[in-house]
Amino acid sequence: MRRRSRYIGAAVSAAALVLGVVPLGAAAAAPDTLVGAGLESDLPLIPQPVSVERTEGTFTLDEGVRIEAIGDAVPAAEYLAEILRPSTGFEVPVVADAEGSMISIEVAPGNAPAGHEAEGYQLDVTADGVGIAADTAEGALNGVQTLRQLLPGWVESDTTLRTSWTVPFVSIEDYPRFGYRGLMVDTARSFYSVDDVKRLIDSAAPLKINRLHIHLTDDQGWRIAMDTPADNPSGIDYGLLTEVSGATAMTYNRDGQLMGTELGHTGFYTKADYIQIVEYAGRNGMVVVPEIDMPSHTNAALHAIPQLNSAGSNPKPAPGELTVPAQGTGDVGISTFDADNPHTYTFITEVLVQLAELTPGQYLHIGGDEAHVTSREDYAAMVDFATAEVAKLGKTVVGWNEYADTALPENDAVVQLWMGDGASTREAVDTRGAQVIMSPAEKAYMPQKQDARQPVGGTWACPGPCTIENAYDWNPATYVAGIGEEDVLGVEAAFWGEFIRGVDQAQFYTFPRLLATAEAGWTPEAEKDEASFLDRVAAHGPRMTVQGINFFPTATVDWAVSAAQTDSASTFATQAVDVIEGELGQPVQIGWNVAAPDTTSADVAALLRWDDGQATEVVLTSTGVTDIAAMTINPLYTGTTSRSFAEAGTYTGTLEVSVGGALAASEPVTVTVAAAPGVPAEPGVPAEAGVPSEPGVPVEPGVGEGLGDASGSGEVSGGRASGTSDSLGRTGGGEIWPSLALGVGALAIGALGLVLVQTGRRRRGAAD
C-alpha cells in the first residue's frame, strides 16, 4: 500500500481538527477544510490537474439533475448528459436557464485560467452544485472529463445502477502542458472496424487524449478508399487500392511463423466510414490525423497499382506480373516508390488532395520512416514534393523523424520523434522552425511487453520490460538535448499491428500505459509523482472494468475494488435512488455488480449485513477470467440477494466485498417496508431491531461504507448541504457543538483505527 502513510496522516489530522487539537507543525484551519496531506491525492484524476483544492463534503446528484449550458457549452453539456443518463437512470435535461440546475457549464471569454484560453477550464463543486467554466468548447469538454472522473466509476455503466452519485467539494484550475496528446492506431497491418475505432476513442477520450493518429497505409494493406478522378491522364484506377490491398494484411514472418495469435484482419474504410470516424472523434474532443506512409512502407500501393511499378521502384513484380506480390511479413524498409516515375507524383498529389478534403483537422502525416532501399537523393525528392503539396492544401505536414533533414516548410512542419539521438530533429527545430511530437519507442510504443508474462509483443524498445513506471518516468521537454518545452508540440502513444489482433488485444497492450502518456502530455512536470500516479491508476481499475476496457493487470498496481446495486430487479425498478420500497412478506431482490480487477471468483467473497443482525452470503459470478496468455482481464462480477421482511420499518444493510479475506469495498442499501393497512409503522425503528446476529456472523458497526447514521456526513443532495459548518451548529434551538465535536472526533479516531487495521491487508477499497 504505497499511500499508507498519507491515509494515516489524513485521519490523524481530521481527528485532531474536530477535537480542537492542531498536530505539531501544522497550522490551524477553518472547520470546513481538511488538514493533512491526503485529500487532494485521494482524488482519482488522470491526468493530474494543474491545481486542485479540496474541502470536506460532497454534492449528490439526484433524479432532478439538470445541466445548464451557457454560450457554446451545449456540446459539452450533451456529452455529459449522455454519460449520466444510462448509468443513473435520470432524464438529465440540458437547459438554457439556471432554474433547478445542479450542473452549470459556461463558455465565455475570461473563464479559463489566464494564458490558457484554448483548452483551460475551471471546475468548482460546492453546496450549490457543480460549475464548469471555460473560454472554448474544448475547454468545457475537458472540464466535463474531469467531472466524469470525480463521479463514481459506475457512471461509465451502460445500464442503470444504484449508488450515491456524489462529487467531492473541489476547486480546480486546469489546462494542458502540451496542446497535442495523441494515440496512434495501426490499421494497415491489421484492420479495425469503425466500431472498433469508436471503442478505442471511448477509452482514450476520458484521459483528455485529443488526437487520433490513424496509420492508414503500409506494406501490408491500404485502408482508405480513393476515387478515380474524372480528369485522369495517368490512367490510375484508384479503386484498386482497397479492392486489392484492402484485402491483404499481416500474415507470417520470413521464417513462416504466424505473427500474433491469428492472421491480420483485412478491410478498409469507405469515405463515409472515415467521415463517421472523424465526426465521432470530434464529439469526443479528438482530431483525426491520417497517415499515408511514403516513399517506403508502400508495398500495398505497389501491389494494387501497375503504374507505380517502374524501374526505380522496389520490390519488383514477378515475371509476367504487372505488380509486386502482397507483403505479409513484418520486414521493414524493403519497399519504395520510384522518384523518376511521373506517376509517383500524380499518385501522391491525388491521394493527399482527397485525404485533405475528408479531414477537417490541421495535420496530414506522410510517414517517411525506414526508407532503407531508397537513395538519399530519391528520398529527398519525393518527401520534398509531398511536404510542399501538404502546404499547398493548407495543412501542416507531419512525418517520422527520418524526414527531419529534408526541406520542410518553414514554421509549418512537425517531426514525430520515435528513435535515434534526435540530432536531425533538433536541426529541423533550429533551422526550419519545426515542432516535435515526442513518441520515443522506449516510452510510448505500446505493443511491447510490460513483463515476461505477456505472450506476444516486442522486446526491443526498452532496456528491460516496457513497464508502466518506465512509461511514466520521463520528461518530454528534456528527452532530447536542445529541444525544450516551447519546441514540443506534444506526446503520442503508438501501438503497431505486427502482433496485435482486434480491439481487445489493442487495449490489453495499450492500457494502463496510455494513462502514463496522458499524464506526460497534460500535467506540469513539477506536479508529477509516480507513487501518486500508481495509486490513481489503481483507483481507475474498477472504472476501466465498468467501461469494458480490456486492460493488462499490471503486477505493480494494487487494483481497487468497487460495488454498486443494479437496477434490474422488478421489485424496485421504479423506486427512488436511495431507498428500496418493499412489501410485508414479499421478497425484495437486490442485484449487485462488483468490479474487482485481476481476481478470480475464488478470491472474491461478499456478505450482505443488515442492521437487525441478519447476514446473507452473496454468490458472485463472472462471465470471464483474467488470463494473461489469452490477453483478457476478468469483467464485472454479478450477484443477487433476496430477503422477506416480517415487520414494517426501515432496514439498512451493507454489502461487504472481501478479496483474499481482506475487506476491499462496501456498498450500503436501505429498504423501507410499509405497514399493513391500518397498522402504523414505528418511524425510524427497524422491525427486528435488537435481534442478535446469527451465530458465527457478527455485525461490525463502523466497518465499511454506509453503516450507522448518515447525518453529519458532509453530503449535499438536491442542492441542500448536511454536515457542513453551516448546518451543524444548532438543532431545536440548543447548542450541540461540544457533543458533536466529541462524537465526530470519536468517529475520526475510529476511522484511524480502521486505517491501521487495513494497512496489513493486501487491497484497499475503491477510491472512486
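This is a predicted model: local features need pLDDT of at least 70, side-chain atom pairs count only at pLDDT 80 or more; totals for chains, interfaces and linings use all residues.

Colleague: Are glutamate 656 and arginine 609 buried or exposed?

Modeller: Both glutamate 656 and arginine 609 are buried. The word applies to a relative accessible area under 20%.

Colleague: How many salt bridges does the count come to?

Modeller: A salt bridge requires a side-chain nitrogen of Lys or Arg within 4 Å of a carboxyl oxygen of Asp or Glu. By this rule the count is 21. One of them is formed by arginine 177 and glutamate 525, whose closest N and O atoms are 2.9 Å apart. This pair links distant parts of the chain, 348 residues apart: arginine 177 is in the loop between strand E8 (166–174) and strand E9 (180–186), and glutamate 525 in the loop between helix H15 (513–522) and helix H16 (530–547). Arginine 177 counts as buried at 16% relative accessibility, whereas glutamate 525, at 30%, is partly exposed.

Colleague: Which residues are linked with Arg177 and Glu525 in a network of salt bridges?

Modeller: The network also includes Glu485 and Lys528.

Colleague: How should I read a sheet, and what is the order of the strands in the open sheet of five strands?

Modeller: In general, the strands of a sheet pair through backbone hydrogen bonds, in a parallel or an antiparallel manner. Here the order is E7-E17-E19-E23-E22, and the pairing is antiparallel. Strand E7 (161–162) and strand E22 (621–622) stand at the edges with a single partner strand each, so one side of each has no neighbour in the sheet. E7 is joined by two bridges to strand E17 (residues 562–566), and leucine 161 stands opposite threonine 566 in E17.

Colleague: Lastly, which residues form a nonpolar patch on the surface?

Modeller: Residues of such a patch must have over 30% relative accessible area. Tyr252, Leu258 and Leu263 form the patch, and together they have about 260 Å² of accessible area. Tyrosine 252 lies in the loop between helix H6 (240–245) and helix H7 (271–283), and its relative accessibility of 39% makes it partly exposed.

Notes
Residues are numbered from 1 along each chain as its sequence is written. Side-chain values use heavy atoms; hydrogens and water are left out. Patches are made of residues with over 30% relative accessible area and no salt bridge: like charges are joined within 9 Å, nonpolar side chains (Val, Leu, Ile, Met, Phe, Trp, Tyr) within 5 Å. Accessible areas come from the Shrake-Rupley method with a 1.4 Å probe; for residues, only the protein chains shown count as cover. Helices (H or I, at least four residues) and strands (E, at least two) are DSSP runs, numbered from the N terminus. Buried means under 20% relative accessible area, exposed over 50%, partly exposed in between (1.4 Å probe, protein chains only). Two strands pair if DSSP finds at least two bridges between them.
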